[in-house]
Amino acid sequence: MNNLTGNITAILFDKDGTLLDFDATWAPAYRETSLHAARGNRALADRLLEQTGMDLVTGKSAAGSLLAAGNSAEIAAAWIACGADFQEGPLTADLDRVFIGCMHDAAPLTGIPEAVETLSGTGFTLGVASSDSEAAIRAFLAGTGLAPRFAFVTGYDTGFGPKPEPGMVRGFAEATGLALDRIAVVGDNTHDLEMARSAGAGLCIGVLTGTSARHDLETLADAVLESVADLPAYLAAN
């Protein structure tokens, strides 16, 4: 192993677009919640989605947009600013409720369970840091059967601050007792990699299974992989 990967003993994963299929999972949830935020006004719901990053034809969320990288409170605030007739607290709670519900049956991306099992079995300490709520992350991990493999879970509401601030990585370091330079951060979005860089993580890895293209990630990442499924082989080879 080279000095870059050989020092790594823990891996902090993003969830959406990294461990699960972003658009397949979130496009229906965003359409449902936007219509709720618009109180049934379809034209307003469409405007809320467009203003926060969704292509209404494809259902895809633009890289770096609020729908791709923001949390429930940020999305609620943006939708209210665009005309949703709600107070921020109640709308945020409504979004979280729907988002947690859709996590119970969300399937991981191809090859992810096997990769997680391999990494855990090899001795890496694993965690998840997401802009989703902590409850939604735990619902996803429980539904996939992967929860026992993760020593740490943090969402936007856990208390470590939002991405791209460094708090989630620092919280993982504190919880595991590991130095920051022993942690790899893996994500599909620039917010993930900016968080890793600002925290001083030892390795920043981008994956192409989410909302970002290679050119979005490569200036911030030490490596860009097709998928987390490729991570065990990458770490073993480098």
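## Two helices side by side

Helices α6 and α8 are roughly parallel to each other, a label used for angles under 35 degrees. Helix α6 covers residues 88–103 and helix α8 residues 134–144; they pack at an angle of about 10°, with their axes 8 Å apart. Such axes are lines fitted to C-alpha atoms, for helices over the stretch in contact, and angles run from 0 to 180 degrees between N-to-C directions. Helices (H or I, at least four residues) and strands (E, at least two) are DSSP runs, numbered from the N terminus.

Where do α6 and α8 meet? Phe 99, Ile 100 and Met 103 of α6 touch Ala 135, Ala 136, Ala 139 and Phe 140 of α8, with contact meaning heavy atoms within 4.5 Å. This contact holds seven nonpolar residues, no polar and no charged ones. Here Ala, Val, Leu, Ile, Met, Phe, Trp, Tyr, Cys and Pro count as nonpolar, Asp, Glu, Lys and Arg as charged, and the others, Gly among them, as polar.

## About the model

This is a predicted model, where local features need pLDDT of at least 70 and side-chain atom pairs count only at pLDDT 80 or more, while totals for chains, interfaces and linings use all residues. Residues are numbered from 1 along each chain as its sequence is written, and side-chain values use heavy atoms, leaving out hydrogens and water.

## A helix with a buried face

Now look at helix α7 (residues 112–122), where Ile 112, Ala 115, Val 116 and Leu 119 are buried. Buried means under 20% relative accessible area, exposed over 50%, and partly exposed in between (1.4 Å probe, protein chains only). Seen down the axis of α7, the buried residues fall within an arc of 100°, so they line one face of the helix; the arc is that of the directions from the helix axis to the C-beta atoms.

These buried residues pack against β1 (10–13), β2 (125–129) and α12 (231–237). On the other side of α7, Glu 114 and Gly 121 are exposed.

## The sheet and its strand β4

Six strands form an open sheet in the order β3-β2-β1-β4-β5-β6, with parallel pairing; two strands pair if DSSP finds at least two bridges between them. The edge strands, β3 (152–154) and β6 (223–225), each pair on one side only.

In strand β4 (residues 183–187), five of five residues are buried. Ile 183, Val 185 and Gly 187 lie on one side, and Ala 184 and Val 186 on the other. Four bridges link β4 to β1, including Leu 12 with Val 185. Four bridges also join β4 to β5 (residues 203–207), where Ala 184 stands opposite Leu 203.

How values were computed: Angles under 35 degrees count as roughly parallel, over 145 as roughly antiparallel, 65 to 115 as roughly perpendicular and the rest as oblique.
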